[in-house]
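Have a go at each one before you read its solution.

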Amino acid sequence: MITFCIAFALLILGYLFYGKLVERVFGIDDNRPTPAQTMADGVDYVPMKPWKLFLIQFLNIAGVGPICGAIMGAQFGTASYLWIVFGCIFGGAVHDYFSGMISLRHDGCSLPETHGRYLGNGVKQFMRGFMVLLMILVGVVFVNTPAQLLQTQFTPNMSVYVWVVIILAYYLIATLLPIDKVIGRIYPIFGFLLMGMAVAIVIAFAIYQPEIPEIWSGLQNRHPAAKANPIFPMMFISIACGAVSGFHATQSTLVARCMTNERQGRHIFYGAMIVEGIVALIWAAAASYFYHSTPALQAKSGPAMVSHIANTWFPTVIAVITILGVISAAVTSGDTALRSARLIVADFMHLEQKSISKRLWIAIPLFAVTGGLLVFSLAAPSGFQVIWQYFSWANQLLAAFTLWAVTVYLRRANDKPYYWMALIPALFMTMVTVSFVFVSKTFLGALIPRSAGYILATLLTIGAAQLFFRKGGKPAESGK
């Protein structure tokens, strides 16, 4: 429990001190008009209250990531605590803040436009297609998980496809309607519910006083299939939304279109990531206790472990609320993912989104592809596992690209080398995602020795660093 308390305190201190440094480096301007004020359209550009935007951002980026992702990360042992804390403070929160604030400064532009501005037109064109595909994968993952939980926990005699249709119908409504009509009204409620679940587990810690493994007990790999799943890079792919996640940057642009002052950025973007890190830490600590005390539970992961924790520690009513909270967290990330996909396509095709017909023109094909992948994920024996692996890797690859864009932005915008605060996590995430390609059996891990894979990943990461210093833009003192 000592490690947990220290980690919790470090996350708070990270927000208070490092978050303030990040804000100062960006250089906020209280008097600068925001897109919500200059481009209000009543659909996507809608001024909203800061506290609502914080809860919307928190729920958008959270989903089941800081729950199921943290639980899967806890299978690796206490090393998961380190990644959640330091990854969140120095990687994820920096990634979320700058991606959101850069969008705010450029008319609430979608993420591919930011990539194009700082990494080149070729990257922008690639990212447009890549991110639409990623958003569809997010939609598939965040329909599949709640649909199966609802079917197994509450309606075992009803087909899971009924819940799929119901959730997809809600997604379509939330994707098409103005952001303040559905998302702005129900997200704050679900945001409080997600945080309430985490508080309930902390109360359970106080009541049951579980022996949560300490970091000084060893950082060895405790994964049940440790040989095939080395901590690096597998743990850093598993714990995405609780530390670093490219998906977050796609959501930051949605919120940027509704802000009314640049000073709100640290609380909304950096702060929401820290709160998500706290939620991930709490779930990781709870899961690590059960994994450590009952080795037979190592086979459980994600939703199954959520159910086990809830049913073991909570009365029936609270256990049901906890499971419903996990379901709502998943649903309320899937809808904004598909909304982001609509906006990315709209930006690419220069289609105004004020009229419902133009929104439908984009949404119908997106939902058709999502539905097809959902059928595969539910029907094929290992369909969901395949989609999850590709989703999680693509998510972290997007984070690496976004961090490189932020690094170039900082190098061009400042006469001091502040770009290091994005360069270091950019290099790390590049190494993680490239290593995964060469180490994971999903990709090339079955074809080449692991040691050779690490060497290749290191060489490619060094190459990315050299490319940045040669072509990443001149510092401000030499010209932008």
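Angles under 35 degrees count as roughly parallel, over 145 as roughly antiparallel, 65 to 115 as roughly perpendicular, and the rest as oblique. The model is a predicted one, where local features need pLDDT of at least 70, side-chain atom pairs count only at pLDDT 80 or more, and totals for chains, interfaces and linings use all residues. Residues are numbered from 1 along each chain as its sequence is written, and side-chain values use heavy atoms, with hydrogens and water left out.

**Exercise 1.** Work out how helix H3 and helix H9 pack.

*Solution.* Start with the axes, which are lines fitted to C-alpha atoms over the stretch in contact, with angles from 0 to 180 degrees between N-to-C directions. For H3 (residues 50-62) and H9 (residues 183-208), the angle is about 65° and the axes are 8 Å apart. The two helices are therefore roughly perpendicular to each other. Next, the hand: the crossing of H3 and H9 is left-handed (the near helix is turned anticlockwise from the far one by less than a right angle). Finally, the contacts (heavy atoms within 4.5 Å): H3 brings residues including Trp51, Leu55 and Phe58, and they meet a set in H9 that includes Tyr187, Phe190 and Leu194. The residues of this H3 and H9 contact split into 13 nonpolar, three polar and one charged (Ala, Val, Leu, Ile, Met, Phe, Trp, Tyr, Cys and Pro are nonpolar; Asp, Glu, Lys and Arg charged; the others, Gly among them, polar).

**Exercise 2.** Describe what lines the second largest cavity.

*Solution.* On a 1 Å grid over the protein atoms alone, a cavity is a set of points where a 1.4 Å probe fits but cannot get out, and lining residues have an atom within 4 Å of a point. The count comes to three cavities of 30 Å³ or more. The second largest cavity has a volume of about 70 Å³, a volume being the space filled by probe spheres set on the points. Among its lining residues are Gln75, Arg222, Ser288 and His292. Helix H12 (residues 265-293) gives the most to this lining, with three residues. By class, the lining of the second largest cavity has three nonpolar, six polar and one charged.

Definitions and conventions. Helix = DSSP H or I, 4+ residues; strand = E, 2+ residues; numbered from the N terminus. 1 Å grid on protein atoms, 1.4 Å probe; cavity = no way out; pocket = protein on both sides within 12 Å on 5 of 7 lines; lining within 4 Å.
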